[in-house]
Amino acid sequence: MRVLIQRVTGAQVSVDGIVTGKIGAGLVALVGIRDGDTAEEVQWMAEKVLQLRVFSDKDGKMNLSLAETGGSILAISQFTLYGALPKGNRPSYLMAARPEVAEPLYEAFLAHLRASLGTERVAAGVFQAHMEVSLINDGPVTLMLER
C-alpha cells in the first residue's frame, strides 16, 4: 500500500463538475492499493496517517498530528501510484490491485479514518471515477508512505 500525503490549506475533488469532497486545512491522501494488500496493512496505514506529525506547534516545529490540530483529510483512490516504467514510456499497472479487491480496502481505509476523526472531518473522491483534484499544498509538505 502506498499513500502520498500532502499537507494543504484547502483541497477539493470533483467528478463531472460536482464536488464530491472538500476540506479546509489538513491532509490530502492519494491512496494506492497493490495486489496482495490486506486489511492489516490498511489499518496500519490509516493509523500512520492519523499520527503523522507534520503540523506546526506554537514554536513553528512540525510536531502536531491531524487529530491534534482539528484538521481534515481528503482521501482519493489512486491506482497510478503503482505505475511502473521498466521499459518504454507507457506505465504498467500490473502491481495495482484489481478494482474488486482495491475498492473494499479503500473503503476500509476511509472507515478507519472516519472512526478516528468523525465523518465530518473525512472527505473522499469516488472510486474508479475520473476526478479533478485541486489543492493548495502548504509548505510544501509532501510525503510518500509505503507498507
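Reader: Why is Phe127 called buried in this structure?

Author: The model is a predicted one, and in it Phe127 has a relative accessible area of 17%. Buried means under 20%, so Phe127 is buried.

Reader: Is Tyr106 buried or exposed, and how do you know that?

Author: Tyr106 has a relative accessibility of 1%. The limit for a buried residue is under 20%, and therefore Tyr106 counts as buried.

Reader: What makes Tyr93 partly exposed?

Author: The relative accessible area of Tyr93 is 32%. Buried requires a value under 20% and exposed a value over 50%, with partly exposed in between; Tyr93 is therefore partly exposed.

Reader: How many aromatic pairs are there by the rule applied to the rings?

Author: Rings of Phe, Tyr and Trp pair if their centres lie within 6.5 Å, and by this rule the count comes to two aromatic pairs. One of them joins Phe79 and Tyr93, with a centre-to-centre distance of 4.9 Å and 70 degrees between the planes.

Reader: Why is the pair of Phe79 and Tyr93 called edge-to-face?

Author: Planes over 60 degrees apart count as edge-to-face, and the angle for Phe79 and Tyr93 is 70 degrees. Both residues lie in the loop between strand 6 (72-77) and helix 3 (99-117), so the pair ties together parts that are 14 residues apart in sequence.

Reader: What makes the pair of Tyr106 and Phe127 tilted?

Author: The ring centres of Tyr106 and Phe127 are 6.0 Å apart and their planes stand at 35 degrees. Stacked applies under 30 degrees and edge-to-face over 60, with the rest counted as tilted, so this pair is tilted.

Reader: How do you know that this pair links distant parts of the chain?

Author: Tyr106 belongs to helix 3, whereas Phe127 is in the loop between strand 7 (122-124) and strand 8 (131-146), and the two are 21 residues apart.

Reader: Why is Gln6 called buried, and which residues does Gln6 touch?

Author: Gln6, in strand 1 (residues 2-15), has a relative accessible area of 15%. Buried means under 20%, so Gln6 is buried. Setting aside residues up to four places away in sequence, Gln6 touches Gly26, Leu27, Val28, Leu135, Asn137, Val141 and Thr142.

Reader: Why does Ser65 count as buried?

Author: The relative accessibility of Ser65 is 6%, and the limit is under 20%; Ser65 therefore counts as buried. Ser65 is in the loop between strand 5 (62-64) and helix 2 (66-69). Residues up to four places away aside, Ser65 touches Leu50, Gln51, Leu52, Arg53 and Phe55.

Reader: What makes Asp16 and Gln128 exposed?

Author: Exposed means over 50%. Asp16 is at 74% and Gln128 at 61%, so Asp16 counts as exposed, and so does Gln128. Asp16 lies in the loop between strand 1 and strand 2 (18-23), and its phi is near 55 degrees, a positive value in a residue other than glycine. Gln128, in the loop between strand 7 and strand 8, has a positive phi of about 65 degrees and is not a glycine either.

Reader: Which secondary structure elements does the protein have, and why is the protein called as compact as a globular protein of its length?

Author: The protein has three helices and eight strands. Its radius of gyration is 15 Å, close to the 15 Å that the globule rule gives for 147 residues, so the protein is as compact as a globular protein of that length.

Methods:
Residues are numbered from 1 along each chain as its sequence is written. This is a predicted model: local features need pLDDT of at least 70, side-chain atom pairs count only at pLDDT 80 or more; totals for chains, interfaces and linings use all residues. Side-chain values use heavy atoms; hydrogens and water are left out. Helices (H or I, at least four residues) and strands (E, at least two) are DSSP runs, numbered from the N terminus. The radius of gyration is taken over C-alpha atoms; the globule rule is 2.2 Å times the number of residues to the power 0.38. Buried means under 20% relative accessible area, exposed over 50%, partly exposed in between (1.4 Å probe, protein chains only). Contact means heavy atoms within 4.5 Å.
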